[in-house]
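Please look over the chain below before reading on. The paragraphs that follow go through it one region at a time.

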Amino acid sequence: MMQDPSIPVNKKGVLTSFLTGQPMPIPEKDNLGKCRSVSEFEKLNRIGEGTYGIVYRARDTRNGEVVALKKMRMEREKDGLPLSAIREITLLLNCQHENIVAIKEVVVGRSLESVFLVMEYCEQDLASILDNMPNPFTEAQVKCIGLQVFQGLAYLHKHYYIHRDLKVSNLLMTDRGCVKIADFGLARRFGEPIKPMTPRVVTLWYRAPELLLNSPTHTTAIDIWAAGCILGELLLHKPLLPGRTEVQQLDMIIELLGTPHAAIWPEMDQLPALQNFTLKSQPYNNLKNKFPYLSPAGLRLLNFLFMYDPAKRATAEECLQSSYFREQPLPCDSKLMPSFPQHRNMKSSRREMNQQDQRQQESQSNDGLSDLLQLPKRNRVD
Ligand SMILES: Nc1ncnc2c1ncn2[C@@H]1O[C@H](COP(=O)(O)OP(=O)(O)O)[C@@H](O)[C@H]1O
Ligand SMILES: [Mg+2]
């Protein structure tokens with residue numbers, strides 16, 4: 001349980017009066033606004049191996065329900081919630097779909113800095129499953145997961161959202177085999193015209209070539225590329241393109257798919273990074289060698305997901321129509337997905353640690369919900 005709510009609000013809980021410009025205390029009754037207090041939740045254990053936030057499994061003491069509690073990052077914000085937190089909350093409130101993690105409510109701690117997302121609890125994420133399962137998924141299971149990811153993505157993209165950080169640790173799975181896309185901290189809405197956005201998004205292993213080459217525009221195609229990497233990873237039972245640096249990541253992509261050129265990707269020559277950088281030369285598409293047992297329909301789908309030209313890359317809707325999902329072995333029923341021991345709740349995942357190398361490492365030695373209230377401010381690559 002949280003600290004005693006009768007303790008006075010700390011210095012963060014002070015507002016500046018518009019009238020006098022002087023600090024004014026927040027009246028007791030307005031401390032929490034309309035939100036419930038996080039003290040109504042009992043910490044069970046920490047589940048989030050996330051890079052920026054901490055996620056707990058917690059019990060809502062009001063009804064006994066087990067939920068996931070994610071503390072929103074506050075960055076260097078002085079006035080209220082950072083944009084990334086507002087974006088994540090707004091997106092989740094706007095998106096209701098079986099394959100997108102459901103938000104239940106937003107709760108607050110005593111400090112103005114403490115805002116928590118209460119989400120439905122999912123027993124696993126795909127990163128911890130892949131880390132801990134001894135045998136690869138069967139192809140029928142891969143198809144079942146893949147279909148659900150494309151369904152979630154089709155919904156998101158239809159609502160003009162780009163996730164921008166799709167990877168196995170951001171795909172949750174319930175004990176009933178239902179896959180949920182999560183972690184919308186980097187998500188953006190896009191419209192016409194697409195505003196230039198910063199290129200340093202999406203964990204390296206899942207990053208599309210146009211991002212690696214500093215394309216100023218981000219489209220839904222960057223999620224599709226990441227979904228291709230995820231599908232490949234599920235089939236191979238190991239990361240498909242585990243580059244350590246941006247240059248190595250590009251080299252690995254070229255090794256797998258061949259060097260792109262203007263005939264297949266006309267806008268390529270205008271990309272900023274290619275003005276003074278020459279790509280390695282490799283004329284072959286090696287997908288078939290990498291996936292020797294995959295059917296022609298499976299290879300067609302992968303090739304469609306890995307089109308260099310983002311404008312030609314598959315859409316989520318097109319992926320759902322792929323004959324790969326209609327041929328033997330058919331996707332298994334999600335209810336028949338195996339359930340896995342919850343390793344995630346016991347130890348940290350090597351995979352996630354590897355991925356953290358690319359980002360800011362941070363100490364997560366503190367344990368206990370009350371520590372959530374004192375987390376240092378963090379910078380997220382954004
Ligand atoms: N609703 C949830 N149910 C169960 N586990 C979750 C839930 N949300 C997040 N997690 C776990 O916490 C981890 C980090 O959460 P995430 O939203 O991805 O934040 P971060 O920005 O830190 O990556 C996820 O990889 C997953 O293991
Ligand atoms: Mg995450």
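A residue counts as buried if 20 or more other C-beta atoms lie within 10 Å of its own C-beta atom, and as exposed if 12 or fewer do; anything in between is partly exposed. By that criterion the buried residues of helix α6 are Gln249, Leu250, Ile253 and Leu257. Seen down the axis of α6, these buried residues fall within an arc of 100°, so they line one face of the helix. An α-helix has 3.6 residues a turn, so residues three or four places apart point the same way. The model discussed here is predicted.

What covers the buried face? The cover over the buried residues of α6 includes α4 (209–212) and α7 (287–290). The helix itself has twelve residues, and the distance from its first C-alpha to its last is 16 Å, close to the 16 Å expected at 1.5 Å a residue. After α6 comes glycine 258, whose phi is positive, near 90°.

Isoleucine 254 also belongs to α6, which covers residues 246–257. Is isoleucine 254 buried or partly exposed? With 18 other C-beta atoms within 10 Å, isoleucine 254 is partly exposed, because a buried residue needs 20 or more. Apart from neighbours within four places in sequence, isoleucine 254 is in contact with Thr259, Leu279, Lys280 and Gln282. Serine 281 is 27 residues from isoleucine 254 in sequence, and their C-alpha atoms are 7.9 Å apart in space.

The chain as a whole gives the setting for these details. Its secondary structure comes to eleven helices and twelve strands. Of its 382 residues, 40% are buried. Among contacts with a separation of 6 or more, 69% are between residues 24 or more positions apart.

Ser84, Ala85, Glu88, Leu91 and Leu92 are the buried residues in α1. They cover an arc of only 135° around the axis, which puts them on the same side of α1. On the other side of α1, Leu83, Leu93 and Asn94 are exposed. The buried residues of α1 pack against three strands, β6 (103–108), β7 (115–120) and β9 (161–162).

Five of the six residues of β7 are buried, so the strand is largely enclosed by the rest of the structure. Strand β5 (residues 66–71) is joined to β7 by five bridges, and the two run antiparallel. In that pairing, lysine 71 has phenylalanine 116 of β7 as its bridge partner. Strand β6 is also joined to β7 by five bridges, again antiparallel. Here glutamate 105 has valine 118 in β7 as its bridge partner.

The UniProt annotation "binding site", from an unreviewed entry, covers Lys70. Lysine 70 is buried, with 25 other C-beta atoms within 10 Å. Leaving out neighbours within four places in sequence, its contacts are Gly48, Gly53, Val55, Phe116, Leu117 and Met119. Of these contacts, Phe116 is also the bridge partner of lysine 71.

A separate sheet remains to be described. Which strands form the open sheet, and in what order? Three strands form it, in the order β8-β10-β11, with antiparallel pairing. The edge strands are β8 (124–125) and β11 (179–181), each of which pairs on one side only. Between β8 and strand β10 (residues 171–173) the antiparallel pairing extends over two bridges. In this pairing glutamine 124 stands opposite methionine 173 in β10. Helix α3 (residues 139–158) lies across β10 and β11, and runs at about 35° to β11.

Technical notes: Residues numbered from 1 in each chain as written. Chains lettered and ligands numbered in written order. Predicted model: local features only at pLDDT ≥ 70, side-chain atom pairs only at ≥ 80, totals over all residues. Helix = DSSP H or I, 4+ residues; strand = E, 2+ residues; numbered from the N terminus. Arc of directions from axis to C-beta. Contact = placed C-beta atoms within 7 Å. Pairing = 2+ DSSP bridges. Axes fitted to C-alpha atoms, helices over the stretch in contact; angles between N-to-C directions. UniProt positions renumbered as here; feature names shortened; annotations may be inferred. Expected span 1.5 Å × (residues − 1).
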